[in-house]
Amino acid sequence: MSYGFQNYYALLNCGFNLRPSAGNASGVHPVPLGFGRVYVKVGGRLTYEKFLAGLDAGRSFVTTGPMLMADMDGRQAGHRFRNVKPGTRFKLKGRLRTDRPIADSVDIIRNGDIITPMVAQPILNKNGSYEIVINNDIEIETSCWIAVRYLERRANDRLRFAHSGIFHFDVPGSKVRPKPQEIAFLIGRMQEQIARSEGVLPESAIAEYRKALKVYEDIAQP
């Protein structure tokens, strides 16, 4: 699970606006149908077109159990705050709900790093669910992205998770950059794939790897 998160964060840090979605690969992995799910904010009556539009806009969260809703200054996930002045504070609000007692923290993630492990007193609802109210001030100094994540530890070291969509912040004069180890990993993966695939895959497929390698090499430049 951590490997998947870190790959996702590395690609976000490279500037790729990847929106959260989900699939469970039931029948390939030993999980039931619907184990990994994506929820999308559509507003009003649900239609196929509105679902896809909301998903493409990033107004979604993914989960294997817990429910996690969050907004930033009243804006849904996927929103890009532009021309943000350094030091501006934003209000992150939301709710985490789960059917198990909450013993773990809700993490606020910035550019892939935990900036605030939020531990709050859980509320026991009348329906037997547990809930944490999210109400945090986030100060923005440089361009970044923010997300909310919850990891729930269960028996036999099994994990369930919920992960919000991404809130983007553009501060003039700065941009989100991948960590050196992230871009080195992505470049290395492309080099490995080219080496192992030459003479096996058609040239058109190798060309895609070379194109991706060039993109990562360009990102790595200061």
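**Loops, sheet, core and charges**

Modeller: Let's begin with Asp157, which counts as exposed because its relative accessibility is 77%. By the cut-offs, buried is under 20% relative accessible area, exposed is over 50%, and partly exposed is in between, with a 1.4 Å probe and protein chains only.

Biologist: Where does Asp157 lie?

Modeller: Asp157 is in the loop between β11 and β12 (158–163). Helices (H or I, at least four residues) and strands (E, at least two) are DSSP runs numbered from the N terminus. From Asp157 to Pro66 it's 91 residues in sequence and 17 Å in space, C-alpha to C-alpha.

Biologist: Before we go on, what should I know about the model?

Modeller: It's a predicted model, where local features need pLDDT of at least 70 and side-chain atom pairs count only at pLDDT 80 or more, while totals for chains, interfaces and linings use all residues. Residues are numbered from 1 along each chain as its sequence is written, and side-chain values use heavy atoms, with hydrogens and water left out.

Biologist: OK, sheets. What is the order of the five strands in the open sheet?

Modeller: The order is β4-β3-β6-β10-β9, with antiparallel pairing. Two strands pair if DSSP finds at least two bridges between them.

Biologist: Which are the edge strands?

Modeller: β4 (75–76) and β9 (123–124), each pairing on one side only.

Biologist: And how many bridges join β3 to β6?

Modeller: Six, between β3 (residues 67–72) and β6 (residues 88–98), which run antiparallel. Leu68 has Leu96 of β6 standing opposite.

Biologist: Switching to the inside: how many residues are in the largest nonpolar core?

Modeller: There are 25 residues in the largest nonpolar core, and Met72, Leu92, Ile140, Ile146 and Phe169 have the most contacts inside it. A nonpolar core here is a set of buried Ala, Val, Leu, Ile, Met, Phe, Trp, Tyr and Cys residues joined through side-chain atoms within 4.5 Å.

Biologist: Which strands supply at least two residues each?

Modeller: β3, β6, β7 (106–110), β10 (130–140), β11 (144–154) and β13 (167–169).

Biologist: What is Ile146 in contact with?

Modeller: Leaving aside neighbours within four places in sequence, the contacts of Ile146 include Met72, Ile108, Ile138, Ile140, Phe167 and Phe169. Arg110 and Gly165 are among them too. Contact means heavy atoms within 4.5 Å.

Biologist: Is Asp73 buried or partly exposed?

Modeller: Partly exposed, because its relative accessible area is 42%. Asp73 lies in the loop between β3 and β4. Asn111, in the loop between β7 and β8 (113–118), is buried, with a relative accessible area of 17%.

Biologist: Charges next. How many salt bridges does a search of the whole structure find?

Modeller: 16. The criterion is a side-chain nitrogen of Lys or Arg within 4 Å of a carboxyl oxygen of Asp or Glu.

Biologist: What about the helices?

Modeller: Glu192 forms a salt bridge with Arg189, the closest N and O atoms being 3.2 Å apart. Those two are three residues apart in helix α3 (residues 180–197), so about one helical turn separates them. In helix α4 (residues 203–220), Asp218 and Lys214 are four residues apart, about one turn of the helix. Their salt bridge has its closest N and O atoms 2.8 Å apart.

Biologist: Which residues are linked in a network of salt bridges?

Modeller: Arg80, Arg82 and Asp170.

Biologist: Last topic, the surface. Which residues form a nonpolar patch?

Modeller: Phe16, Leu18 and Val215, with about 200 Å² of accessible area together. Patches take residues with over 30% relative accessible area and no salt bridge, joining like charges within 9 Å and nonpolar side chains (Val, Leu, Ile, Met, Phe, Trp, Tyr) within 5 Å. Accessible areas come from the Shrake-Rupley method with a 1.4 Å probe, and for residues only the protein chains shown count as cover.

Biologist: And where does Phe16 lie?

Modeller: In the loop between α1 (2–13) and β1 (37–40). Phe16 counts as partly exposed, at 31% relative accessibility.
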